[in-house]
Amino acid sequence: IADEQTTQSLSASFQYLPPELLRIDVRGPLFRHVLTAVFDADTLWSLAEGRLSRFAARRGLVDLLDLDLMGDDPRIALLGLMDSTRTGDVVDVEYPRADRAVAVIREAPGGQRRLWVDILSGWIVAEERIDASGQRRWRRELSDHARVSDSEIFLPRHVRIESRGRSLDIQYDEWRVNRDLSRANLF
């Protein structure tokens with residue numbers, strides 16, 4: 001986590017039970033507990049400094065980290081997944097370079113998403129969200145895509161989210177697929 005004045009490095013584990021349950025355990029130096037966050041459908045439960053708090057899931061990163069995702073799903077943003085288009089969205093594709101394509105998704109309620117695609121690999125390498133007034137609200141860079149364990153899923157190992165002068169860099173070192181993970185395990 002970084003802003004203009006400070007940078008903090010922390011370790012975390014993520015447990016994801018698609019589509020709506022994500023648990024994040026964050027540890028600081030000497031494995032000291034910093035935060036446990038559980039995204040459960042439209043609710044975010046946060047345990048920090050012995051205090052349990054409840055937030056709206058889509059506002060949770062604003063309230064905890066001052067990262068504004070404009071109401072986008074924080075699970076998708078943190079894991080490096082992509083949100084689908086919606087009925088009424090209009091998609092245009094531009095080719096600013098021979099090895100890049102930019103999909104511009106004009107959303108029905110206003111605003112747009114831009115997705116940068118590396119044409120050689122096929123991976124989405126960046127995404128940004130523009131509000132209805134034309135201001136960039138957040139940007140996400142995705143790199144080092146790799147297979148998740150022995151599954152058919154590929155995810156970026158590096159996710160960087162920038163919003164409001166702050167950034168969150170996530171470096172995934174290792175993934176494991178646990179087919180026995182249950183809702184009870186995450187709480």
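Strands β6 and β7 form a hairpin with 2 residues between them; strands here are DSSP runs of E with at least two residues, numbered from the N terminus. The model is predicted, so local features need pLDDT of at least 70 and side-chain atom pairs count only at pLDDT 80 or more, while totals for chains, interfaces and linings use all residues. Residues are numbered from 1 along each chain as its sequence is written, and side-chain values use heavy atoms, leaving out hydrogens and water.

**Strand pairing**
- Strand β6 (residues 90-97) pairs with β7 in the antiparallel sense over 6 bridges; two strands pair if DSSP finds at least two bridges between them.
- Within this pairing, V93 stands opposite A103 in β7.
- Strands β7 and β8 run antiparallel and are joined by 7 bridges, with R114 in β8 as the bridge partner of V104.
- A hairpin is also formed by β7 and β8, with 5 residues between them, and G110 in its turn has a positive phi of about 115°.

**Burial and exposure**
- In strand β7 (residues 100-106), 6 of the 7 residues are buried, meaning under 20% relative accessible area, whereas exposed means over 50% and partly exposed lies in between (1.4 Å probe, protein chains only).
- R113, in strand β8 (residues 112-118), is buried because its relative accessible area is 1%.
- P29, in the loop between β2 (21-27) and β3 (33-40), is exposed because its relative accessible area is 57%.

**Surroundings of R113**
- Leaving aside neighbours within four places in sequence, R113 is in contact (heavy atoms within 4.5 Å) with residues including M82, A103 and E127.

How values were computed
Helices (H or I, at least four residues) and strands (E, at least two) are DSSP runs, numbered from the N terminus.
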